[in-house]
Amino acid sequence: MRARCLAGLLLVSLASSASAQTADRAPALAPAFPEVDRIFTDYARAGHVPGMAWGILVDGRLVHTGTFGVQDTTTQAPVTADTVFRIASMTKSFTAVAILALRDAGTLSLDDPAERYVPELARLAYPTTDSPRITIRHLLSHAAGFPEDNPWGDQQLALTDDQMAALLRQGIPFSNPPGLAYEYSNYGFAILGRIVAAVSGMPYRDYVRTQVLDPLGLSATTLDAPAVPPGRLAHGYRWEDERWKEEPPLPDGAFGAMGGMLTSLRDLSTYVAWMMDAWPARDGAEVGPLRRASRREMQQVWRAAPALARFTPTSGLTLQAGGYGYGLRVSQTCAVGHMVAHSGGLPGFGSLMRWYPELGVGLVAMGSLTYTAWAPRFDAAVAALAKTGALRPRQAEPSPALVAMRADVTRLIQQWDDTLADRIAANNLYLDTARERRRRQIEDLRAQHGECRADGPFVAENALRGEWVMPCERGALRVSITLAPIVPPKVQHLAVRSSTTTDAPTPGPMTCVY
């Protein structure tokens with residue numbers, strides 16, 4: 001009962017912080033929910049997925065859930081929001097949370113050599129004489145130089161600690177020197193599980209349960225598959241020879257830190273909401289086992305991966321650039337900005353969690369078919385949400401200095417005053433463009449447009465940079481300023497230009513240049 005109460009408190013807290021940042025957008029996005037359901041159910045039928053569950057999160061709340069099919073083809077028990085699925089490699093983000101919690105407690109550093117905590121690594125034969133020693137940061141960001149091992153890694157889940165130690169003593173071949181390139185390594189995250197155990201003094205699964213899952217109220221989330229009530233457990237299948245064949249469940253062992261987790265839609269949504277709650281940076285109480293700053297750290301690129309250009313019928317040609325954070329994939333697109341995600345695939349299962357920090361929107365889904373392919377469906381779902389017109393980036397919070405400077409610059413444009421101009425200008429402003437020239441440019445614009453008002457829309461790109469519109473008798477003016485890194489902040493950049501529209505400026509993070 002305690003865990004459920006904690007989960008309720010967490011969701012209330014996240015929803016409260018979100019409501020303080022933006023108005024409730026769920027009703028505006030709700031017209032797209034039936035289309036999202038259709039996208040997923042059409043895929044389930046066409047792809048022969050026995051059972052699936054999905055959810056949409058908006059500003060810290062799970063606002064919509066959907067389910068399809070059965071969790072067991074024998075009993076025909078239907079999938080619910082409480083059905084427990086394996087989430088495979090999505091476990092890696094929980095492992096990263098554990099490592100960063102230990103880092104925040106001062107018991108390890110991300111730049112510590114991994115062999116300090118896993119002595120078997122001291123005997124590795126590095127590929128070059130100038131190779132750096134593998135660090136915890138290398139392991140967290142898939143930069144240790146180990147070869148990609150998805151087909152092999154799944155089948156190591158059952159290894160005991162002693163068997164893994166023996167495997168480590170045999171050595172690990174390198175595909176690259178450490179720190180040089182991104183290459184996905186399940187082995188690396190299994191080693192992180194050993195580091196958690198060595199530093200905390202308790203088995204990895206016990207540390208994650210007591211220090212991560214319990215504080216978040218994730219009572220249905222576990223690394224112990226036999227502990228899941230049979231009536232809530234999703235069985236995994238592959239579609240072969242025109243029928244479903246049940247995949248034997250993979251046990252959890254020493255490799256569990258890379259892919260042994262099971263969870264429900266409700267629990268996974270609580271976890272993703274907590275990750276989303278790291279944005280934006282702000283004052284206020286912290287929630288859960290890891291600070292907001294550390295959660296944001298997880299959601300930044302720490303190892304770049306090759307950029308990807310692709311074409312889909314729903315989104316056309318898109319460029320996606322990014323890499324790996326800590327236990328999470330991070331990318332940037334012109335269409336949606338900053339995107340954080342991780343998938344999970346094992347024989348019998350496929351899952352995906354994805355969220356957009358600038359938009360405050362996330363998606364989660366789990367299916368019981370081998371490597372259930374969610375990414376194209378998520379792309380289509382986001383396109384459906386965008387059609388409502390409510391999928392917009394949250395505005396950055398301007399500093400008091402930016403708000404005050406907007407008012408001063410607006411007054412200067414309405415009526416030039418040398419004293420005011422000198423007071424607000426950083427020492428570079430009139431060296432870049434002379435004061436008299438700026439005065440003439442602004443007076444020419446005012447003569448062209450007539451009297452201009454101060455009540456147009458304002459968008460802050462960040463705490464010290466913003467753009468606003470001044471509606472005029474004829475057309476409008478668009479004004480942008482950037483404040484200098486001095487105290488008090490003064491204007492280092494000022495641009496005033498004509499505009500034929502009074503529409504709000506486009507926020508900076510969503511702007512792309514071709």
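This is a predicted model: local features need pLDDT of at least 70, side-chain atom pairs count only at pLDDT 80 or more; totals for chains, interfaces and linings use all residues.
Where is the place of Pro 488? Pro 488 sits in the loop between E15 and strand E16 (491-499). The bond from Val 487 to Pro 488 is instead cis, with omega near -5 degrees. A cis peptide bond also runs from Trp 279 to Pro 280, with omega near -10 degrees. Pro 280 belongs to the loop between H11 and H12.

Gly 288 is partly exposed, because its relative accessible area is 44%. Leaving aside neighbours within four places in sequence, Gly 288 is in contact with Leu 216 and Trp 274. Its C-alpha atom lies 9.5 Å from that of Asp 214, although Gly 288 and Asp 214 are 74 residues apart in sequence.

In soluble globular proteins, nonpolar side chains tend to be buried together.

The next feature is a pocket. The largest pocket holds about 570 Å³ of space and is lined by 24 residues. Leu 308, Gln 320, Arg 329, Met 339 and Ala 341 are the lining residues nearest its centre. By type, the lining divides into 13 nonpolar, 8 polar and 3 charged residues. Strands E7 (303-312), E8 (316-324), E9 (329-333), E10 (337-346) and E11 (349-356) each supply at least two residues of this lining.

Further along the chain there is a covalent link. A disulfide is a covalent bond between the sulfur atoms of two cysteines. A search of the whole structure finds 1 disulfide, and this bond joins Cys 452 to Cys 472 with an S to S distance of 2.0 Å. Cys 452 lies in the loop between helix H17 (435-449) and strand E13 (458-462), and Cys 472 in the loop between strand E14 (465-471) and strand E15 (476-483), so the pair ties together parts that are 20 residues apart in sequence. The torsion about the S-S bond is about 100 degrees, so the disulfide is right-handed. Both Cys 452 and Cys 472 are buried.

Some loop residues remain. Most residues other than glycine have a negative phi. Gln 76, in the loop between E2 and strand E3 (84-88), has a positive phi near 60 degrees. His 142, in the loop between helix H5 (136-140) and helix H6 (150-153), also has a positive phi, of about 60 degrees. Are these residues buried or exposed? Gln 76 is partly exposed, because its relative accessible area is 49%, whereas His 142 is buried, with a value of 2%.

Gly 60 is found in the loop between strand E1 (51-58) and strand E2 (61-69). With a relative accessible area of 8%, Gly 60 is buried. Its C-alpha atom is separated by 19 Å from that of Phe 94, which is 34 residues apart from Gly 60 along the chain.

Note on methods. Residues are numbered from 1 along each chain as its sequence is written. Side-chain values use heavy atoms; hydrogens and water are left out. On a 1 Å grid over the protein atoms alone, a cavity is a set of points where a 1.4 Å probe fits but cannot get out, and a pocket is an open set with protein on both sides within 12 Å along at least five of seven lines; lining residues have an atom within 4 Å of a point. Grid points are joined across faces, edges and corners, and a volume is the space filled by probe spheres set on the points. Helices (H or I, at least four residues) and strands (E, at least two) are DSSP runs, numbered from the N terminus. Ala, Val, Leu, Ile, Met, Phe, Trp, Tyr, Cys and Pro count as nonpolar, Asp, Glu, Lys and Arg as charged, and the others, Gly among them, as polar. A disulfide is a pair of cysteine sulfur atoms within 2.5 Å. Buried means under 20% relative accessible area, exposed over 50%, partly exposed in between (1.4 Å probe, protein chains only). Contact means heavy atoms within 4.5 Å.
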